[in-house]
Amino acid sequence: MKFDIKFRPEDEMDFLPIIPLNENEGDENLDEIPDEIAILPLRNTVLFPGVVLPITVGRDKSILAVNDAYKGNKFIGVVAQKDSNQENPEAEDLEQVGTIAKIIKLIKMPDGGTTVIIQGRNKFSIDQISSNDPYFKAVIKRIPDTETPVDADFEAHIANIKDLATNIIQQSPNIPSEASIILKNIEKPSFLIHFVSSNLNTSVEEKQQLLEMNDIRERAGSLMQLLQKELQFVELKNKVTNKTRTELDKQQREYFLQQQLKSIKEELGGDTNSQEIKEMLKKAEAKKWPETAKEAFKKGIEKLERMHPSTPDYSVVYNHVDLMLDLPWEEYTEDRYDLGNAKKTLDHDHYGMAKIKERILEYLAVLKLKGDMKSPILCFLGPPGIGKTSLGKSIASALGRKYVRLSLGGLHDESEIRGHRKTYIGAMPGRILQSLRKVKSSNPVIVLDEIDKVGNDFRGDPSSALLEVLDPEQNNNFYDNYLELEYDLSKVLFIATANNIQTIQPALRDRLEIIDLSGYAIEEKIEIAKRHLIPKQKELHGLTKNNIRFPDKVLAQLIADYTRESGVRELDRVLASIMRNQAKKVAMNEVLKSPLTTDTVQEILGKPRYTNDLYKTVNLPGVAVGLAWTYVGGDILFIESSLSDGKGELHLTGNLGNVMKESATTALTYLKSNAGQYHIDSTLFQKKNIHIHVPEGATPKDGPSAGVTMMSSIASALTGKKVKPYLAMTGEITLRGQVLPVGGIKEKILAAKRAGLKEIILCQQNQKDVEEVEPGFIKGLKFHYVSRMEDVLKIAIGV
């Protein structure tokens, strides 16, 4: 049944018939109907007596027929077309039985069409078509309805029709509930049958059959059957709909909600995010990533689709999804396995460093043979200014990988490594993932600069967060708090740099492959200056076209008199000072002197800052020269001892650490125990106070390597014999009189060479460390290898 309250053209059938105020109106004035009448063919519908129907007339013939009828007695014969697709029907295309209708109202529409409201009056049959032009006219014969039965059986039929129709209305969501009220208020059985037949959801043929039935009882029975069929169809449709809704409830519900949300967002006038999401999905199609990442991305996109861009959480979800898209999940640069070219690159960028270059070439060789390996975590340990960081860049260049540098100096927040939870305001991924996102590669060389200077406070301990990053066995599933997914870092080549290994957390130190980078000898610094520093400074000062030459003698003077360092940073600054002076002369059109001489250098830089004359003045008893290792390289250490009247007390000054104080006590105890052997008056230990001082008191000093120097200094003071000039020493001592090996030998030797010292006392076991140093760098130095303290004192003060 259909109850759409709309004006429709005569070729359509969805309508709501209008009920006349008087159900008997159709039986009046039938004598006025002529025997010949204009015919109005209808498509897709059948008009029943008593039923009021609004129709929009569109065909020219039909408009003419309606206008003529309206001007006359207002009666017109309405018949159904046999074929509703026929645009211009002929006489044989019309049904023989129709309904005489009275035109109640004719309305001219603005578009030129005509709308008529007609009411069915009485059935008729066509005897003969009398005219085809300008419209159909026919000689008709009225068909009277049979008497309405008054027995209980017929009343039951009518009641059943009402119940069935009401049931259909209730189960059909598209039919307004008012329709059931209309049904209840129809009293005349014949009109009820016509009204229900008119609204029945069945074919034109079946409606035409109902119209042609003269026996009202037969018509009621046939209508009941059609209503039963309609009710079964409605019930089945509802059942199928409910079943489908149950199966597809979640999916369909979400779809409809999303569509509604989209409409709401458009109504609100906000920017829809559909374009952004389309672009993201397009990018995702070409992405190679693991299943977990793909699933997380899908969920993120679904969230975005449900959210309006103006909501606060939208940017959080958007940034997270955008990060997943930007990360190079399984994107790798291809490693270059040309070992010859790699060696050439390393040699070109850095002079010396043979040990490290050998290690890098070994790594490349294994990678070439195996095709894949877990990257080791290398740690370059050495003083500042020797090129640890720039070496990482050279390694990246040699391997053909992307290069990233992360400065960890002063880092104190664990979230800088692991990222923040994305629920926090201003949350972002950790520095590791940010770097990978930037270089678009999952196997770059990442230099973790100054790993020994990572701080820790109430915000967390970043060095502990680095434990997972820097473990080749664990970093294949590194978890970032912002990403909330595991990321594979096993293909990344991490290179850490540090000045002091002691300040690195032990668990972190255990994960690093420590490679010592010792300071440069003067010969190496000269080569580095010629190959790298001078060309760089020339370019920086716009002097590339000028002939400025530095002879080796001048460079050696710069290194010895104006720098005191293991690296070349200070030398670089000194060269920059000279270049600025030369640039000024060029700008003022003065003549440049080339090559530079020692006198010219002294004119530019002033008097030498450092001198070796200091060691020539050390000719007093109780003064000895030691060698120390600091995080900036090797250094020279003076230790002074003096005696004063007292009760044998020991005083230590010079900002000494606990280990160094213990070395002094050990040295004194050893000399007390062996006073006779070294011709020392044992009564001195009761009558004299001994004061040991290490100059440069503002600088903290600690470590066991000054043990032999302290012992020599005290022995010299007690015996009154001077320590041998131009002699330096280093080594730890024991109460049993043994000399133990110490570290940082190369730096200490180079520091002695820089200071102009001639002889060095070392532990026998440190001989292997000296042999690793290039012989040319230590030419002119004499080494004394000892294992006992008596050997030290014999060389130092001749006792």
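Two residues are in contact when heavy atoms of theirs lie within 4.5 Å. By that criterion, and not counting residues up to four places away in sequence, Lys538 touches Leu543, Thr544, Asn546, Ile548 and Met579. The model is predicted.

**Helix 7 and helix 8**

- Helix 7 spans residues 274-285 and helix 8 spans residues 291-306; their axes come within 11 Å and cross at roughly 170°.
- Angles over 145 degrees count as roughly antiparallel, and helix 7 and helix 8 are therefore roughly antiparallel to each other.
- On the side of helix 7, the residues that meet helix 8 are Ile277, Met280, Leu281 and Ala284. Helix 8 contributes Phe297, Ile301, Leu304 and Glu305.
- The residues of this contact divide into 7 nonpolar, no polar and 1 charged.

**Aromatic pairs**

- The structure holds 6 aromatic pairs. One of them joins Tyr314 and Tyr318, whose ring centres are 6.1 Å apart with the planes at 20°, so the pair is stacked.
- Both Tyr314 and Tyr318 belong to helix 9 (residues 312-326), where they are 4 residues apart, about one turn of the helix.
- Tyr314 counts as buried at 7% relative accessibility, whereas Tyr318 is partly exposed, with a relative accessible area of 23%.
- Trp329 and Tyr487 form a tilted aromatic pair, 5.0 Å from centre to centre and with 45° between the planes.
- This second pair links distant parts of the chain, its members being 158 residues apart. Trp329 is in the loop between helix 9 and helix 10 (339-349), and Tyr487 is in strand 12 (residues 485-487).
- Trp329 and Tyr487 are both buried.

**Charges over rings**

- Lys74 places its charged end over the ring of Tyr70, 4.8 Å from the ring's centre.
- A further case involves Lys758, which lies over the face of Tyr726 at 4.6 Å from the ring centre.

**Backbone geometry**

- Most residues other than glycine have a negative phi, and most peptide bonds are trans.
- The peptide bond that joins Asp133 and Pro134 is cis, with omega about 5°. Pro134 is found in the loop between strand 6 (114-131) and strand 7 (137-143).
- Glu450 is not a glycine, yet has a positive phi of about 55°. Its place is in the loop between strand 10 (445-449) and helix 15 (462-469), and Glu450 is partly exposed, with a relative accessible area of 24%.
- Asn589, also not a glycine, has a positive phi of about 60°. Asn589 lies in the loop between helix 19 (569-587) and helix 20 (598-605).
- With 69% relative accessibility, Asn589 counts as exposed.

- Is Lys538 buried or exposed? A residue under 20% relative accessible area counts as buried; Lys538, at 17%, is therefore buried.
- Lys538 and Ala576 are 38 residues apart along the chain, and their C-alpha atoms are separated by 8.5 Å.

- Ser705 is located in the loop between strand 18 (688-693) and helix 23 (707-719). At 13% relative accessibility, Ser705 counts as buried.
- Which residues are in contact with Ser705, leaving aside its neighbours within four places in sequence? They are Leu627, Thr730, Gly731, Val742 and Lys748.
- Ser716 lies within helix 23. Ser716 is buried, with a relative accessible area of 0%.
- With neighbours within four places in sequence left aside, Ser716 is in contact with Pro621, Gly622, Val623, Lys721, Lys722, Val723 and Ile797.

Notes
Residues numbered from 1 in each chain as written. Predicted model: local features only at pLDDT ≥ 70, side-chain atom pairs only at ≥ 80, totals over all residues. Heavy atoms only, no water. Axes fitted to C-alpha atoms, helices over the stretch in contact; angles between N-to-C directions. Helix = DSSP H or I, 4+ residues; strand = E, 2+ residues; numbered from the N terminus. Parallel < 35°, antiparallel > 145°, perpendicular 65-115°, else oblique. Nonpolar A, V, L, I, M, F, W, Y, C, P; charged D, E, K, R; others polar. Buried < 20%, exposed > 50% of the residue type's maximum accessible area, 1.4 Å probe, protein only. Phe/Tyr/Trp six-rings, centres within 6.5 Å; stacked < 30°, edge-to-face > 60°. Lys NZ or Arg CZ within 6 Å of the ring centre and 35° of its normal.
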